[in-house]
Each structure stands twice: as structure tokens, then as C-alpha cells.
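Hi there,

Here is the structure I promised to pass on. Have a look, and my notes follow below.

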Amino acid sequence: MRIRPRAGLGRILDDLGTTVLDVAASPGHLDAEVTGVHIYDPLDELIVAEGAMVLAVGVQGAAEICALLARVPHAAGVVVKLPVDVDERVRAAVLETGVAVLGLTRAASWAQVAALLRSLLAEGDLAEPGDEGAHGDLFALANAVCALLDAPVTIEDRSSRVLAFSGRQEEADQGRVETVLGRQVPERYLRLLDEQGAFKRLYQSREPVYIELPDDSVINRVAVAVRAGDEILGSIWVAVREPLTPQRQRALADAAKVVALRLLHERAGAGTQRRLRADLLSTVLAGGADAAEAAGRLGIATGRLCVLAAELTGPPADPGGRSENAATDYAADHVRSESERQRFCDALALHVAAIHPKAAAALAGSVAYAVLPLTPGGGEEERAVRVAESFLARVGPRHAANVGVGRLALNLAQVARSRADADRALRVLRHRGVTGQAAGYTAVHFESLLLQVADVAAAEEQAPTGPYQRLLEHDAEHGTELVATLGAYLDAFGDVNLAAARVHVHPNTFRYRLKRLTEIGGLDLGDPDARLTVQLQMRIFGRRH
């Protein structure tokens, strides 16, 4: 495996076409390497990696553009919603920094352009040697077909999701523009195609199909199914105003075979690449002699790292339709759970990659781990926690999860410690029974230590002793609530009225119980050491033993 170079700015603009992005001010060249996408927020700390595309949300006017350019001199480009106010100050700033200013069509949302850019950057990140030979990536294939047919092209899966698209999409219609921006054919156009019987004709034919559409705002299409034997993998769609010539029909049919090979190759390689990434990241997290080589193959930074450990907290959604075969249901549940965890890990990988282009994430068992490089500046663990909180906020509607964050690792040798920290912070959240929470190890350090002490006590079959043991035995024998009374008293810091309210008894009743437990347990509540001892035992052994 090797890491392919990131896409250049010029390549990305060629792929997207002027439908989405146009150059508003150029430093004279567009060959800057693009390493990632950063969404600018004036309320957040501005830490932009070298080569990032900065999506300047809310930035308007020449003065604001110049101010942003001065703050991101190492970015590959700054994207501003059209119309872009370009004057002599902006042109001078672009020449001084070498950062291009690009205009984003008003029809596109920031989320759409971020997804488009990330998909282009992710294309082939962990390709095998020779991948870009005869087949190339899907975007290159789409552009090749576009050149052959002299018309804009999309490559779509069976669900009409866009896998890749060519340039020149601005020559098509509004439906194609919406399709490219949303990476999905809009519902109303799917209905239109279905009413025309387009999909039935497409999937029944092994040759390109010409589809005439009755809507005057939409130009016609030629489509061909992408097949592997009898299996339909997807389709190629060409926006045309008239049927293709026989020669171009044959070229499209041949292109479908090449796309089929590429899709089969990607499908076969996806699982292998995921396993490889998981193995490499596990090597980095474990530390040792091979960590440096594994980190190099992943392309992650070698210093100032934080490890994030993320775990789903709820069961996967049950689609219903349970069979009468318990073994079949168990297997289906296992597959569904594994798929859900992988989608969750993919979301984490995408999120951290947007923060830093050299971040990496992989699934190890039920936990998704991410290694996040952080720029110097202090408060690294707190910044990593904010990244985790942002991730949980984004995936919350789809995935209930928690994230533990390890302490800062200043070198690869300390990454194993950061991973252990993250696991311990995650365990604390699991023990609390919460969901949708992120915690740094430093913030839950003592809680984690208590859980470790409880592990030692359990392993050595240790049991409560002294006053706490006597109170537990009395409650078990007589059905009393002395331990609960003691716990409420200590939790309320000795406030009898508050403690009585928490256990729903009258304060006088509570005082009587308090007196009884001191007599039965032989506990001196006036002694701070005695209070600490019994509190620790309650935390280590639990209030029911």
C-alpha cells in the first residue's frame, strides 16, 4: 500500500467545473496541493492546516476577504459565496499570500460543497500500486467518457447516488446541477424517470438507452447500466440533446465495462483497505518498534497527538421482520451491528480528517479509534474534547455514542499511553450510564482510578471490611436501608434536611436512622478519616454488595 498524493487545486476545479466553483482571484497558478477542508467560523479558534480549502462561511466584502487571507497564508484557497467582491486590495492580498479566492454558486450549500471537496480528496487515498493505470479513479473515468461523448457525465449507483461526475456540468440543466451538488438525483426527477419507464428499460438492456423527457426544463439523457455478469452495479448517465451516433453508443457501452471493473475493484479493496488501516492504526496505538513505520504508512504526524476512543451506546435500529429461526436472527443482528459500527467509524474518520488532513481513524472491536494531530498552542486535550463534542453533536440524530479523549502524546512513544487514557475516559462514561458525552482523561482521572482499584479488589476477591461491612450485613439480614441512609448523608455533605428529602423520609426519621447506623456499624461520622474510608468503600464495592 502507498499513499497517493493529494489532489491539486487545478484538478479539483476541473472536476467540479464552473457549475460549483469559479476562480474569482488567482495568484497566477492553481497547482497548490489541497490537503483538506476547513469550515471557517469566526467564533472558533482559527487553526488551518497547510494546503486546506477554507470555506469562508458568512464572509462578505473585500475587507473581510483580505482579513481572512492574511490569517490563512498557507491555505490552498478561500471559498466565498458569489458574488465575490474583488477589488485591488483583494488582488494584492492574493498575490502576496499565493492563496486563490474562489466563488461558490449561490445554489450550493456549504455542507454540499464540503462533501464534494472531501469526496474528491478521499478518492484513492489508500490506493494500491498501479491503480491509476488503465482504469484510473472514477472521476478520471467520468471525464474520459465526457471527452469521448462531448457531453457531461455522471456515474451513479443503484440508488441514484452520484459516485463521480465529469466537468462541463454547467452545460446540462438544473436537474443535473442539483444532482451534482447533492450527490443524489432529486426525488422529483426520479419520479419523472420512473414514469417514463426509464429505469425498467435501462436495467433490461445491455446497450445504451436514449431517454426523452417531457419536461422542457430538462434535456434528454442517454444511460447505460454498469454490470458485472447479471449483477447491476450502477449506471452512467449522459446529458444530451439528441441520440448518440452508433460510434459513440459503442464507446459508452465499452466505458460501462471499464467502470464495472473499477467498481468491482473498489468493492473488493474496501474491506481490505479498512482491515489494513485498522491493523496499521492498532500498531501505532500499541507503540513499540513498528509504530513509526505504521504511522508513516498511514501518513499521520509523528508528534503532538491525541487519541479519541468512540463507542456506540445504543443497540442498532431493528428493522423488524424477525424470522422464526433464532440463529438467523442472531447472525442478522451481528451483521447489522458490525455495519452500524463501521458507518460510525467512517463518520469519525471524515470528521477528524476535516480537522487535520493527517488524522486517521479505524475500528478495533466495538471501539472506533482516531489519532488526531494537534498544532502547538496549549490546551490540546481540551481542544480534542471540543472536536469530540462537535462530532457527537453531528452524528447524534443517527448514532448514540460517547467519546473518551487521551492526554497529549508528544511523540509516537506516548501514543499507547494516550490510547489507554482514552479507553479509561470512555469506561468512566460507560460506568456513569450516560450517552452523547465526551470526556478528557484529565477531567475524569480520579473516577478512573477508583474503577481501577475496584478491578484489583474484584480480581483479588477482596470484600468490604469494618463499619461498612457491618452495615451491609445488617441491611441484608433485617431488610433495613442503613447503607442508603449513610450514602444520602455523605452525598448531601451532612445536610440532614437535604438527605432526608432525597430518600423521601421525614428529617426526624432520618436522624433516627443515622443514629442507628452509627451504633450498629460502630462508625464515627465526626472523624474525617472514617468518613473517607467508608466513602471509598462505597465507591469501590458499590452500595449493594
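How do the residues of the lining of the largest cavity divide into nonpolar, polar and charged? There are 9 nonpolar, 4 polar and 3 charged (Ala, Val, Leu, Ile, Met, Phe, Trp, Tyr, Cys and Pro count as nonpolar, Asp, Glu, Lys and Arg as charged, and the others, Gly among them, as polar).

Please keep in mind that this is a predicted model, where local features need pLDDT of at least 70, side-chain atom pairs count only at pLDDT 80 or more, and totals for chains, interfaces and linings use all residues. Residues are numbered from 1 along each chain as its sequence is written, and side-chain values use heavy atoms, leaving out hydrogens and water.

Back to that cavity (a set of points on a 1 Å grid over the protein atoms alone where a 1.4 Å probe fits but cannot get out; lining residues have an atom within 4 Å of a point). Its volume, the space filled by probe spheres set on the points, is about 170 Å³. Among the 16 lining residues, Thr179, Val185, Tyr189, Leu193 and Arg221 are the closest to its centre.

The second largest cavity has a volume of about 30 Å³. Its lining has 7 nonpolar residues, 3 polar and no charged, with His38 and His356 among them.

The backbone has some points to check too. A cis peptide bond, with omega about -5°, joins Leu82 and Pro83. Glu461 has a positive phi of about 55°, and Phe493 has one near 60°. Most residues other than glycine have a negative phi, and most peptide bonds are trans.

Best wishes

Methods
On a 1 Å grid over the protein atoms alone, a cavity is a set of points where a 1.4 Å probe fits but cannot get out, and a pocket is an open set with protein on both sides within 12 Å along at least five of seven lines; lining residues have an atom within 4 Å of a point.
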